[in-house]
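I opened this model to look up its pockets. I wanted to know where they lie and what lines them.

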Amino acid sequence: MLNYIKSELYRALHSKEIHGTAIGLLAIILSMNLVLFLMKDVEHFRYGSASFSYSMLVSVPMMYCYVAADVAVMLYESDRRNGTMGNSIAHGISRMQLFAGKCIVCFTVSLILLAAALPVYIGSASLLHAQGPTTAQDMLLEIPAMSLIATGSLILAVVLLDLFQNSFFSVLTWLTVMLLLPKLLQFAGMLLPFGGDALTDAAMWMPANFIPAGTRVNMSECVTIWDTGAGMARCLLSGAAGILVFGLAGVLLLRKRDI
């Protein structure tokens with residue numbers, strides 16, 4: 001399994017898709033902050049501040065989940081279709097080792113992308129005006145708050161890519177589980193005359209529900225769910241539950257899956 005992980009990491013780090021993603025992320029960050037820097041002294045332009053730059057990410061915490069899942073898609077969307085998965089199993093790697101290895105590789109690549117983008121983001125934003133409610137600390141605290149949630153979303157993406165041959169169905173199912181299902185459960189809890197409160201409480205442990213409910217980030221305020229100990233704990237517990245549920249689902253669904 002270790003050799004598999006090493007070979008997959010080598011392949012990932014030399015992948016054109018990963019290189020393109022890294023360059024794209026850095027280009028977007030630098031371009032955004034460069035435009036804000038060039039316009040920061042323009043009269044009546046309110047957005048030339050580090051606070052506004054940081055708020056672009058702090059206001060969309062689920063972005064970490066999207067990027068993590070996208071890494072999985074870039075690396076493994078064609079594994080079943082081109083027979084790579086079957087060849088790996090034929091060479092003595094078990095399905096569970098393959099599943100765990102993919103998750104580890106995707107997590108490592110996602111971490112490398114974050115490590116590359118973060119100093120560029122903070123460094124370029126520091127050239128802007130400092131005033132405003134959102135700070136670098138808010139953005140840095142967002143990382144541990146979203147770390148387990150993003151890891152769970154990554155594991156779900158790997159499970160679905162291995163489960164379906166068509167990556168379109170994998171992406172559609174991922175969006176349903178991560179975004180649509182939580183909203184449907186919350187809505188159902190509001191409508192049910194009996195048991196609705198319990199269903200609503202359960203739905204409010206899902207990131208797509210409790211993160212927007214506890215987060216208000218704009219030009220005048222920055223209130224995030226991870227500002228408090230209870231909010232940070234909810235993020236970590238929800239993420240840990242996602243890792244457990246999606247990991248077990250992967251073990252159960254992929255163990256006897258035909259290759």
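Entry on the model. I am reading a predicted model, in which local features need pLDDT of at least 70, side-chain atom pairs count only at pLDDT 80 or more, and totals for chains, interfaces and linings use all residues. Residues are numbered from 1 along each chain as its sequence is written, and side-chain values use heavy atoms, with hydrogens and water left out.

Entry on terms. On a 1 Å grid over the protein atoms alone, a pocket is an open set of points where a 1.4 Å probe fits, with protein on both sides within 12 Å along at least five of seven lines; lining residues have an atom within 4 Å of a point. A volume is the space filled by probe spheres set on the points.

Entry on the largest pocket. I noted about 700 Å³ of space in the largest pocket. Of its 24 lining residues, Leu57, Met63, Tyr64, Val67 and Leu114 are the closest to the centre. Helix 6 (a DSSP run of H or I, at least four residues) gives the most to this lining, eight residues. By class I found 21 nonpolar (Ala, Val, Leu, Ile, Met, Phe, Trp, Tyr, Cys or Pro), three polar (the others, Gly among them) and no charged residues (Asp, Glu, Lys or Arg).

Entry on the second largest pocket. I noted a volume of about 310 Å³. Among its 17 lining residues, Met206, Pro207, Ser238, Gly242 and Phe246 lie nearest the centre. Helix 11 (229–254) supplies the largest share of the lining, six residues. This lining divides into 12 nonpolar, five polar and no charged residues.

Definitions and conventions:
Helix = DSSP H or I, 4+ residues; strand = E, 2+ residues; numbered from the N terminus.
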